[in-house]
Amino acid sequence: MSLEIRLRAQRAHLSAGNKVALAIQYSLALTRFLDDGRLCMSNAAKRALRCVAVGRKNWTFAGSYEGGRRAAAIYTLIETAKLCDVNPQAWLTDVLARLPDHPARRIDELLRWNWKQVHQMMAAA
């Protein structure tokens with residue numbers, strides 16, 4: 001019997017909040033990376049997902065399905081800004097202030113990687 005099958009069988013007998021069940025769930029998630037050598041679970045990816053696990057209980061209070069979707073969109077914006085080595089708060093503050101008057105044809109200037117280049121050039125000048 002494979003380890004994955006045994007873990008799934010044991011997991012079925014445990015409550016959701018059980019610490020052993022949580023460890024088994026984490027192990028099962030890792031099996032995907034073992035099955036496909038092209039996939040890589042880096043520490044950066046694990047750190048980015050940690051806020052999702054921590055925030056899971058707060059999602060109950062998102063208010064609605066659409067509220068949850070908006071929260072997911074904000075999480076995505078913040079985490080991709082971090083991956084681009086951009087301060088998410090500075091970027092979002094600047095972009096949200098400029099967005100109403102910004103020409104649609106130049107919207108690419110507000111993307112995280114382009115925003116960072118413009119601000120680096122302004123700081124160097």
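Buried denotes a relative accessible area under 20%, exposed over 50%, and partly exposed the range in between (1.4 Å probe, protein chains only). The model is predicted, so that local features need pLDDT of at least 70 and side-chain atom pairs count only at pLDDT 80 or more, whereas totals for chains, interfaces and linings use all residues. Residues are numbered from 1 along each chain as its sequence is written, and side-chain values use heavy atoms, with hydrogens and water left out.

**View A. Salt bridge between glutamate 79 and lysine 82 in helix H4.** The closest N and O atoms are 3.4 Å apart; a salt bridge places a side-chain nitrogen of Lys or Arg within 4 Å of a carboxyl oxygen of Asp or Glu. Glutamate 79 is buried at 18% relative accessible area, while lysine 82 is partly exposed at 47%. Both belong to helix H4 (residues 65–83) and are three residues apart, about one turn; helices are DSSP runs (H or I, at least four residues) numbered from the N terminus.

**View B. Salt bridge between arginine 8 and glutamate 4 in helix H1.** Their closest N and O atoms lie 3.0 Å apart. Both residues are partly exposed, arginine 8 at 47% and glutamate 4 at 29%.

**View C. The largest nonpolar core.** Its seven residues are Ala81, Val86, Trp91, Leu92, Val95, Leu110 and Trp115. Three of them, the largest share, come from helix H5 (residues 88–98). Such a core joins buried Ala, Val, Leu, Ile, Met, Phe, Trp, Tyr and Cys residues through side-chain atoms within 4.5 Å.

Methods: Helix = DSSP H or I, 4+ residues; strand = E, 2+ residues; numbered from the N terminus.
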